[in-house]
Amino acid sequence: MAGASGVTGDAGAVALSKQDLREVTGFAAACAEAVLGVFEADRPGDTRPREALAAAWAFAGGGERGKPLRDTAWAALKAAKSAETPAASEAARAAMAAAGAAYLHPLAKATQVKHILGSGAHAARAAELAAGDDPGRADELVGQAVRRATPAVVDVLERFPAAPAGGGRVGELTRVLDAALRSRTGTGEPA
């Protein structure tokens, strides 16, 4: 049985329900959707990131977590690798991370935070790059993600250790988003 922290009696295990996974996946899909146009402007005929988002939304809305979700996530990653610009690549990675959010593992490891926040961080980096590497645009997208996160998403996030070090600019944005979401619960701001 899980305590208030979400950590179960098993060492290193985190309690996660299917509804928790749906909440996180819906949050991730909304983050990625904000920059889907960046990819589609670069590769208008490539629907792989859009299909990954559709699969993520389907799961978030009550669908099953299965092969189609995994397949669209991998396809979005391939789309990221074929993008013409770094901004489009990051936008496709945001879609890949949204579909991958459904596969958050119940392990108390900092690396699992990437399943929760990776889509938001990749979306922020995509917006930043699309705006000529303007960090103000990344800040705007991080702020949108913070406002978009439901109390359920923050609750799931707080069951895990803080985001890990490393990961370049996307890792930095992940840590900024992580810290902002964790600080909401102590400020009187709605989580």
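Visitor: Why is D133 counted as partly exposed?

Guide: In this predicted model, D133 has a relative accessibility of 43%. Buried means under 20% and exposed means over 50%, so 43% falls in between and D133 counts as partly exposed.

Visitor: Where does D133 lie, and what is its phi?

Guide: You will find D133 in the loop between α6 (113-130) and α7 (135-148). Its phi is positive, about 65°, although D133 is not a glycine. Most residues other than glycine have a negative phi.

Visitor: What makes A88 buried?

Guide: The relative accessible area of A88 is 0%. The cut-off for buried is under 20%, so A88 is buried. Its place is in helix α5 (residues 86-100). Not counting residues up to four places away in sequence, A88 touches V38, F39, D42 and A83.

Visitor: Is H122 buried or exposed, and how do you know?

Guide: H122 has 16% relative accessibility, and buried means under 20%, so H122 counts as buried. H122 lies in helix α6. Leaving out residues up to four places away in sequence, H122 touches E90, R93, A94, A97 and V170.

Visitor: Which residues make the contact between α7 and α9?

Guide: From α7 come P135, A138, V142, A145, V146 and R147. On the α9 side are R169, L173, V176, L177, A180, L181 and R184. By class, this contact has 10 nonpolar, no polar and 3 charged residues.

Visitor: What does L181 touch, leaving aside its neighbours within four places in sequence?

Guide: L181 is in contact with L117, V146, A149, V154 and L157, with those neighbours set aside. V146 of α7 and L181 of α9 both take part in the contact of the two helices.

Visitor: Which residues touch the most other members of the largest nonpolar core?

Guide: Those are V35, I116, L117 and L181, in a core of 57 residues. Helix α6 gives the most to this core, with 8 residues. In soluble globular proteins, nonpolar side chains tend to be buried together.

Note on methods
Residues are numbered from 1 along each chain as its sequence is written. This is a predicted model: local features need pLDDT of at least 70, side-chain atom pairs count only at pLDDT 80 or more; totals for chains, interfaces and linings use all residues. Side-chain values use heavy atoms; hydrogens and water are left out. Helices (H or I, at least four residues) and strands (E, at least two) are DSSP runs, numbered from the N terminus. Buried means under 20% relative accessible area, exposed over 50%, partly exposed in between (1.4 Å probe, protein chains only). Contact means heavy atoms within 4.5 Å. Ala, Val, Leu, Ile, Met, Phe, Trp, Tyr, Cys and Pro count as nonpolar, Asp, Glu, Lys and Arg as charged, and the others, Gly among them, as polar. A nonpolar core is a set of buried Ala, Val, Leu, Ile, Met, Phe, Trp, Tyr and Cys residues joined through side-chain atoms within 4.5 Å.
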